[in-house]
Amino acid sequence: MHWTRRRLLQATAVGAAGASVVGRRLGLDQPFRQALVEAAAPPPEETWVPSVCLQCPGACGIRVRVVDGRAVKIEGNPAHLGSGGRLCPKGQSGLQVLYDPDRIKQPLRRAGARGEDRWEPISWDAALAEVAQRLQDLRGQGLSHTVAVVGGRFQGPVEELWKRFLNAYGSPNFVKRGATCSQAAKLGVRLTQGIDDHMARDWKNANFVLLFGYSALEASRPLTWLLGSYGEMRRGRPLRARIVAVDPRRSVTAAKADEWIPIRPGTDAALALAMAHVIIREDLYDKAFVENHTFGFEQYRDLVLREYSPGAAEAITGVPADTIVRVAREFATTRPSSCDGGDRGTSGMSNGTYTRMAIHSLNALVGAIDAPGGILVQQKAKLGKWPEYETDDVAKAGVKQPRMDLAKTRTWPFGGNVYPQFFDSAAKQEPYPVNLMFVYYTNPLFVQPDPARVMKAYEQIPFIVDFSPFMSESARHADLILPDNTYLERYEHTGIGQGPGVAVTGLRRPVVRQLYDTMSTPDWIIRLGRAMGGSIAAAFPWDSVAEVVDQLVSANPKVAADLAATGASVGEPYTFGNYEQVLKTPSQKFEFYSQALKQQFEKLEIGEADLERMGITARGDTVYLPHYEPIHISGGPAAEYPLVLSTFKTATRPEGRGANQPFLAESWGLAAGVRWDSWVELHRETAAQLGISHGDAVYVESRLGRVRTRAVVTNGTVPGVVHMPHGLGHKGYGRYAAGMGANPNEIIELDYDYLTGQVAWLTRVRVSKA
Amino acid sequence: MPRWGMVIDLDKCGACQACTVACRMENNVNFAGPDQAARGRVITWNEVLVIPETEESGPRFVPRPCMHCDNPPCVQVCPVGATYRSDQGLVLQNYDRCIGCRYCTTACPYGARYFNWQDATPPAPMDSYRNPNVPVRPVGVVEKCTFCVQRIQEAEEQARAEGRPLRDGDVVPACVQTCPAGARYFGDLDDPESQVSRLSRGPRAMRLLEELGTRPKVYYLAEG
């Protein structure tokens, strides 16, 4: 309506020849000549298209202003609770994804050797025919299980479409990349609370928030919503909430918090358990919740009182005992309070799962489970069911084959997807070779520790299809590139994965007509399924992903109506204290003593040798309780590599992506004062010992090799630990990203939390002047 | 006649830089690229300043748009009258008159003014996201934050078309609109009931470099 008025005004002004009218309407600050030109042109067609951001999986609702078919500005969608009409810097930069000058504009077939960057165009039909033929051949030879899909930033129907395809085709190898991120964090929650999902945080109602290794104002999602919660916590209510950040590094969050508690990396469990010691000893815990809704409190209590005194924890963590006692008392008495270990943070460590159990147990102690101000289970809208489908005997035999990533075997007792293991297995061709790999919305040669290791897998896989819209380092080593649409050109429904607790659903839709000869990958999967014929084709009774989305969404008339009207649908207010739904453990209670852990160990017959192999030093019942497992750091030896490398994320980095977006690159490292480059943060004492000054070019070196970057000298870190941001150091990905900065992954030796196959990111390095 | 001002609550700000990016997108401010950035030529109408860490404390973050001073040093020094203070308190730039001498960028104590050393058009197809409501400035002229004057004009046109006065909250500059923490406010400082007026009178309110007599119109609410 607003814009109709404006067009009316413009049309009137064009009719009136008065230059003064034009000048007044367009303002004195504009070049006059340009003003005249624009006044003479017909008024532009303007519309606002609601959609959903995908710079991170926060999935904040957005509205995109489109003028004459050009997308010119992104704003938050006020109807969407995740963004509330606002938007983080990554979301604002999204048009640089859509309009990246180096996007892949059509399907490409490799010409020349891999990595030579020689490509020839191929039509979608020809590409589909070739892939279908290869798949049929493999299937005919009884090798359907040697086809794998690795991914990715899944949204909407695409994950189920891939799984459906592999299931109907006959392969168990659907491998997600969560092991690089939050597997152990999720497992810690699953083993204690029985929920296999990311958690929601009701910060707006909290009076004390304790963050362990979690830069919530930079590195979490939905970032827009978390920052909004932060603003509310500070000034949105009469009582200003208190925030304490425990972290080896003074992140922006720690800088903005009321207190930063430096801690030795990987020792957070000891701190959390010592806090529990104080809280229990001084009778400050939530008796009602503990008595009525927890299991195993006596063993937990005995363990923390016996082994985790503040003094004992000080020796492990470096945090003074006085501080531990004070923060424990504050945390337990400033209610509602809650704590959080982040998604990667404290869990991307060799002891990640137990650490998360220790941290989450504090929430149980203060009654923060499913309570106002506490940790909630993110609700999702009930949408339609996917149609059933049959699989033939070939498929049934294929899916029974062992997974390449050894998930849920004794190697990884709780590993659902062990992304790095998949590649290591493929490199060794064990238990069998991988003959065809689909790489969807992930960059294996960039995001994992030791990408050179991953290249060995690439060398063993004869045919690789990559769906990246950008010429990433992984796409450069594929045989066929079938470029996906960017998120601003796709049609898919989204739910918030974690955020306010209340269900929020959005609909991502093309904001402009797609720019190039690209195809939304879910549409391609449907075509592939249909092209395969037989029972596989029967599993894909649609023409397009839009049909799938419409079927699923229209099964919930309220959601469908909301999405059509405003682009966002908000569910019922959150029901707190819904213990039947949120405590899904064997005892239906919060389990300090994890029966699920015990049951899986018994089922897999985990014995002494396995515990040793997994680096678990605990024995007896302690194995099933939260406890501190001494942190293991890869690489070394310590005498030659005396520093520990830790990695972090800034607010300007959309997951592993973003180096191709100049607005983000130009604002990349605010606190460090760095643009268009990486850096390594060293403590002043460390720098002085090494003769390094702020801004010096340095090498950061591990057993695997070295990277060159620049030094940032700070007192914002625990001495002995150096920090590099992830996200730069690409060997591809377009003109802005290629060659900019350094990728710390190149020097990080792969290590794991052995319960899940979660990547343990700490590694030993040394730093020297370049 | 409104006298436009802004309030930025440093206790709500999360230093995410959404304001910086949103402003550049809205106002056709191009990126400088690594080489020009190394020469200090990045144009950020809004920039988040970093007060460096000390022995006792970590860094502090202060988002800085143009102050739209009521006694602007830049206007005083411009030899050709290209920069001027409008009757609504906006310090604006006439790009056609600017001769690029950069006297104003030196005079501004807040570092809020920027010179166009290079072409402001990004490579195709990024030039597609040009905002048609804001001019693209040529090489050789100075530019800076306008408090999103194009949005002020829009809001005024809308109010005129509906036959009513402007209301508090009608005008939302890009930085204010996007701020995820809700830390930024904009409005009429001459309306005693407006949000910015009330916040600017509060106990936490302060301004930068007041002692220079610039009479800046961006108020900051202290942290803690």
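This is a predicted model: local features need pLDDT of at least 70, side-chain atom pairs count only at pLDDT 80 or more; totals for chains, interfaces and linings use all residues.
User: What makes the contact of Glu223(B) with Lys256(A) a salt bridge?

Analyst: Happy to walk through it! The N to O distance between the side chains of Glu223(B) and Lys256(A) is 3.2 Å.

User: Which helix gives the largest share of the side of chain A that touches chain B?

Analyst: That is helix H9 of chain A, residues 223-235, with seven residues. By kind, the residues on this side of chain A divide into 29 nonpolar, 16 polar and 21 charged.

User: How do you know how much area is buried between chain A and chain B?

Analyst: Buried area is the accessible area that two parts lose on being put together, summed over both. For chain A and chain B this comes to about 5900 Å², with carbon and sulfur atoms giving 53%. In terms of residues, 66 of chain A are in contact with 73 of chain B. There are also 27 residue pairs in polar contact across the interface, both residues being at pLDDT 80 or more.

User: Why are strands E11 and E13 of chain A said to stand at the edges?

Analyst: Good one. The open sheet has four strands in the order E11-E10-E9-E13 (chain A), paired in parallel. E11 (259-261) and E13 (337-340) of chain A each have a single partner strand, so one side of each has no neighbour in the sheet. On average, neighbouring strands here are turned by 15° against each other, direction ignored.

User: How do you know that E10 and E11 of chain A pair?

Analyst: At least two bridges are needed for pairing. Strand E10 (residues 242-246) of chain A and E11(A) share three bridges in the parallel sense, so they count as a pair. Within this pairing, Val244(A) stands opposite Glu259(A) in E11(A).

User: What makes E19 and E20 of chain A a pair?

Analyst: The test is again at least two bridges. Strand E19 (residues 504-508) of chain A is joined to E20(A) by three bridges, running antiparallel, so the pairing holds. Thr505(A) stands opposite Ser569(A) in E20(A). Helix H25 (residues 557-566) of chain A packs on this sheet, touching E19 and E20 of chain A, with its direction at about 135° to that of E20(A).

Terms used
Residues are numbered from 1 along each chain as its sequence is written. Chains are lettered from A and ligands numbered from 1 in the order in which they are written. Side-chain values use heavy atoms; hydrogens and water are left out. Helices (H or I, at least four residues) and strands (E, at least two) are DSSP runs, numbered from the N terminus. Axes are lines fitted to C-alpha atoms, for helices over the stretch in contact, and angles run from 0 to 180 degrees between N-to-C directions. Contact means heavy atoms within 4.5 Å. Buried area is the accessible area (1.4 Å probe) that two parts lose on being put together, summed over both. A salt bridge is a side-chain nitrogen of Lys or Arg within 4 Å of a carboxyl oxygen of Asp or Glu. A polar contact is a pair of N or O atoms within 3.5 Å; within protein, one must be able to donate a hydrogen and the other to accept it, and residues adjacent in sequence count only if both atoms are side-chain atoms. Ala, Val, Leu, Ile, Met, Phe, Trp, Tyr, Cys and Pro count as nonpolar, Asp, Glu, Lys and Arg as charged, and the others, Gly among them, as polar.
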